[in-house]
Amino acid sequence: MNLIGLGLVGFAAILLIALSLMKRKSPPKWRVIPALMRLSRAVDLSVEDGTRLFVALGRASLLTPRGGAPLAGLDVLRRLTERTSLSDRPPVAAAGESSLALLAQDTLQAGYRTMGVSDLYQPSSGRLSGMTPFSAAAGSMPIIWDENISASILVGDFGVEAALLADAAERRNIFLLGASTDISSQAALFASAQELLVGEELFAASAYLDPGSSHAASLTVQDILRWLIVLTLLAGTALKLMGLF
Amino acid sequence: MRYLAVAIAIAAGLIVLISYFVPALAMVQSVLLNWAIILAGMAALVGVFNLISVHGDKVRRREKGNIYSAVLLVSLFASFIFGLALGPDQPYIRLLVNTVIVPVETALMALLSVTLLYASIRLLRRRTDVMSIVFLLTAVLMLAASATLPFGEILPLNNLIRPWIQQVLALGGARGILIGVALGTLTTGLRVLFGADRPYGDK
């Protein structure tokens, strides 16, 4: 039995529940992430000028260990749908994996239902753009070009093909925020995207868009675990230097 | 009904998670994952219908670029019918994959290298800061160290600088990012397990 793994997950779960239930006296204060501030502005602008948002969720299956990023992406999609559901043009979501495309449709529909405008939901706003990484990128590029998009958000698990989408957005002078868990795509997006979320910032995006108690707790748990890992690494290094480990 | 769906989703998630740590539950985990794989296979079929519906609408409404949608639909139906009739291992079907799909994806890969080069040039115009300069300098150094040059390799670059950047700076940074991603994945997964986030319908 993997006791360390079980202990870590159990500790995180207990912390998450305790911090979610704890009533905060003051609203959470997080560091400023300029990319998310610009995203918020771009979303508001898209509602004002009647243009669309494009959310690409990547190509990871939820059945693989890379499934965390698309889950975070779906959460971002939900927040964005609720914020833009009353706009003239609904957001478009595309995924490079079938089950993720279905979940994107469901998330969009749930967002409209929450805002009480179910009749505005269009099934074609959640799409499968391709079955392989490059075909998904090629299938998403025409959406950026032709569907009156003013802001593109790549949030999920992408490979280097994300740079093709960033290039398509750049050519149309469209705001693009890139957030991927893949290291190589982060490097590609650093060079090509207007704004980039690095590493775990992807998982903070929905909390910044719509802070709730579980999101705030989730970020605090991540910080606590990160400090524990830092301390463990430092302790391990010190023990190694002293020849005790 | 809504609560039942949530309860089933949470219970299935918890069982799969716990069975990673408790080997006695591996059998149940295997059954649940097999069900999930069957559902994912079904989802692939539904996804193809979604693709047909979106591109069919584009052709019907004569939207911009509808010719490409028409080509996609014709290719999709042709591949499907021939694949069904001849089987996926038939030489002609393999030829279709090897002479159309592989070259097209390779061409996109080649296009990507040009795109990245162009993006790197634009980077300094868009974001002139220390990190952009470090990024570009590192990229140039790594390219110079990896490239086959007419006068042979540049020794300190290839023997000292490249391994140091790859094994110390890049590896350390990548591990840091991956630890952050793992923690984010853990808390996101737990939020889904507790039903705080539901990527399967209403809250």
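Where in chain B is the place of Leu84(B)? Leu84(B) belongs to helix 3 (residues 66-86) of chain B, helices (H or I, at least four residues) and strands (E, at least two) being DSSP runs numbered from the N terminus. The model is predicted, and local features need pLDDT of at least 70, side-chain atom pairs count only at pLDDT 80 or more, and totals for chains, interfaces and linings use all residues. Residues are numbered from 1 along each chain as its sequence is written, while chains are lettered from A and ligands numbered from 1 in the order in which they are written.

Leu84(B) counts as exposed because it has 9 C-beta neighbours inside 10 Å. Here a residue is buried if 20 or more other C-beta atoms lie within 10 Å of its own, exposed if 12 or fewer, and partly exposed in between, with C-beta atoms placed from the backbone. A distance of 44 Å separates the C-alpha atoms of Leu84(B) and Ala174(B), which are 90 residues apart along the chain.

Turning to where the chains meet, 56 residues from chain A and 47 residues from chain B take part in the contact (C-beta atoms, placed from the backbone, within 7 Å). On the side of chain B that touches chain A, helix 2 (26-60), helix 4 (91-126) and helix 6 (155-193) of chain B each supply at least two residues. Helix 6 of chain B gives the largest share of that side, 15 residues.

Within chain A, helix 3 (residues 68-84) is mostly covered, with 15 of its 17 residues buried. Its 17 residues should span 24 Å at 1.5 Å a residue, and the end C-alpha atoms are 25 Å apart, which agrees; the expected span is 1.5 Å times one less than the number of residues.

The buried residues of helix 5 of chain A include Phe134(A), Gly139(A), Ile143(A) and Ile144(A). Together, the buried residues of this helix pack against strand 1 (52-58), strand 2 (92-95), strand 4 (149-157) and helix 6 of chain A, and also against helix 4 of chain B. Just after helix 5 of chain A comes Asn148(A), with a positive phi of about 55°.

Finally, Ala162(A), Ala163(A), Ala166(A) and Asp167(A) in helix 6 of chain A meet Ser185(A), Ala188(A), Leu189(A) and Ser192(A) in helix 7 of chain A.

Technical notes. Two residues are in contact if their C-beta atoms, placed from the backbone, lie within 7 Å.
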